[in-house]
Structure formats: structure tokens, C-alpha cells
Amino acid sequence: MRKSGPPKGLIAYFVLELLEEKPRYGYEILKEIREISGGHWEPSYGSVYPILYKFEEKGWAERIERADEPDRKYFELTDEGHAELAERRESGCEKASDFADVILGFFHVYAAFSTDDRFEIPETEGEWRFDEEFSRWVVEQVVRHHEHYFDTEFERLEETPAEFYERHGIDPDES
């Protein structure tokens, strides 16, 4: 179980994937990540450019010159970068547990702020609130995204977390 923050290496993985598709510059990468996240997340220049420079230093990416845009710093993957991406894809299944833990952790905190008397967060008109109605809206959006991406109608699962883990052969203490 993760203690805080997004899964380690997420931005770097995105950068590798996006560079494999085509050579890109930093701002273009930022826009793509924002789009992939549905507009919910956009890394800063301060996180993307150091990754690009690190990849360049490690030999995973190289700068290329473009006559049509001489002032932009474009990067493309090298053969070593393709190999690194292949390795990260291979180990990517380990990230699914981290992602689920982050999503569930944030929702549990949201629900705690809504229901636990120890938290006294005032409601402000015209702002997001920690209450049942807003919680339902968050869950509804997750369901809608599920139905959109998996092209299916969402069906509730009746099994407990322990039953789900057992059915899939997952040891929750190992995650």
C-alpha cells in the first residue's frame, strides 16, 4: 500500500511513451499528459524538462533540430530509449496496484472529510464540498469513465475486497 503521492515514475513513463510515438518538445508533452488525464493533471515544466535532460544524459533520447521550428527543443527516443520503454512496459503491471491505491486512498480521505466529525471543513457557496452529493458525483464520473473506456455498462460487484483478491490470486500484503 502506498503512503502518499502518485506512483513513482509516472511522468517519466508518459514521456517515454509519447516520445516513442513521435519526436516532441516539452510543452507538447505537458498538453498530451493533460489530455490523457482528462484535464485533471498537468505536470510542470520543472518536472518534464529535467526528465528530458536526464533521458538525454542516459542516452535514451536525443535532441533533434527542426528547420521549421529552430527555437524548440525537440527530443526523440534512441534505440536505448526504446529498450528502456520496453523494460518499463514489462514492469508496468506492478503499477496497477499503486494506481488503485492512490484512487481509493483519495476517495477514502474525501469520504472521511465528509462524514468524520473530527474534520470541520466549512461549506462555501459556489465551491466544491465534502458531502454526500459531491461524493456521488465523483463516483458517477468514475462509472461514466469506466463505461466510456471499456464500452460496457457498469455492473456492481458483490464480492468483498478479500474475496476479489482471492479470486485473482492477489496477496494484498504484497502490493
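This is a short tour of the structure above, stop by stop, with something to select at each one.

**Before you start**

The model is predicted, so local features need pLDDT of at least 70 and side-chain atom pairs count only at pLDDT 80 or more, while totals for chains, interfaces and linings use all residues. Residues are numbered from 1 along each chain as its sequence is written, and side-chain values use heavy atoms, with hydrogens and water left out.

**Stop 1: the sheet**

Helices (H or I, at least four residues) and strands (E, at least two) are DSSP runs numbered from the N terminus. Here three strands form an open sheet in the order 1-3-2, with antiparallel pairing; two strands pair if DSSP finds at least two bridges between them. Strand 1 (24–25) and strand 2 (61–64) are the edge strands, each pairing on one side only. Two bridges join strand 1 to strand 3 (residues 74–77) in the antiparallel sense.

Which residue in strand 3 is the bridge partner of Tyr25? Select Tyr74, and you have found that partner.

**Stop 2: charges over rings**

Stay with the two tyrosines and show Arg66 and Arg72. The charged end of Arg72 sits over the ring of Tyr25, 4.1 Å from its centre. Over the ring of Tyr74 you will find the charged end of Arg66, 4.2 Å from the ring centre. The rule here is that NZ of Lys or CZ of Arg is within 6 Å of the ring centre and within 35 degrees of the ring normal.

**Stop 3: salt bridges**

A salt bridge is a side-chain nitrogen of Lys or Arg within 4 Å of a carboxyl oxygen of Asp or Glu, and the structure holds 18 salt bridges. Select Glu20 and Arg89, whose side chains meet in one of them (2.6 Å, N to O). Glu20 lies in helix 1 and Arg89 in helix 4 (residues 79–91), so the pair ties together parts that are 69 residues apart in sequence.

Next, show Arg24 and Glu28, a salt bridge with its closest N and O atoms 3.5 Å apart. Are these two buried or exposed? Buried means under 20% relative accessible area, exposed over 50%, and partly exposed in between (1.4 Å probe, protein chains only). Arg24 is buried at 2%, and Glu28 is buried at 12%.

Then select Arg129 and Glu123, which meet in a salt bridge (3.7 Å, N to O). Arg129 is partly exposed at 21%, whereas Glu123 is exposed at 56%.

**Stop 4: aromatic rings**

Rings of Phe, Tyr and Trp (its six-membered ring) pair if their centres lie within 6.5 Å; planes under 30 degrees apart count as stacked, over 60 as edge-to-face and the rest as tilted. By this rule the count comes to 11 aromatic pairs. One of them is Phe107 with Tyr110, a stacked pair at 6.4 Å centre to centre, with 15° between the planes. Both residues lie in helix 5 (residues 93–115), three residues apart, about one turn of the helix.

To finish, select Phe107, Tyr110, Phe113, Phe119 and Phe130 together: ring pairs link them into a cluster.
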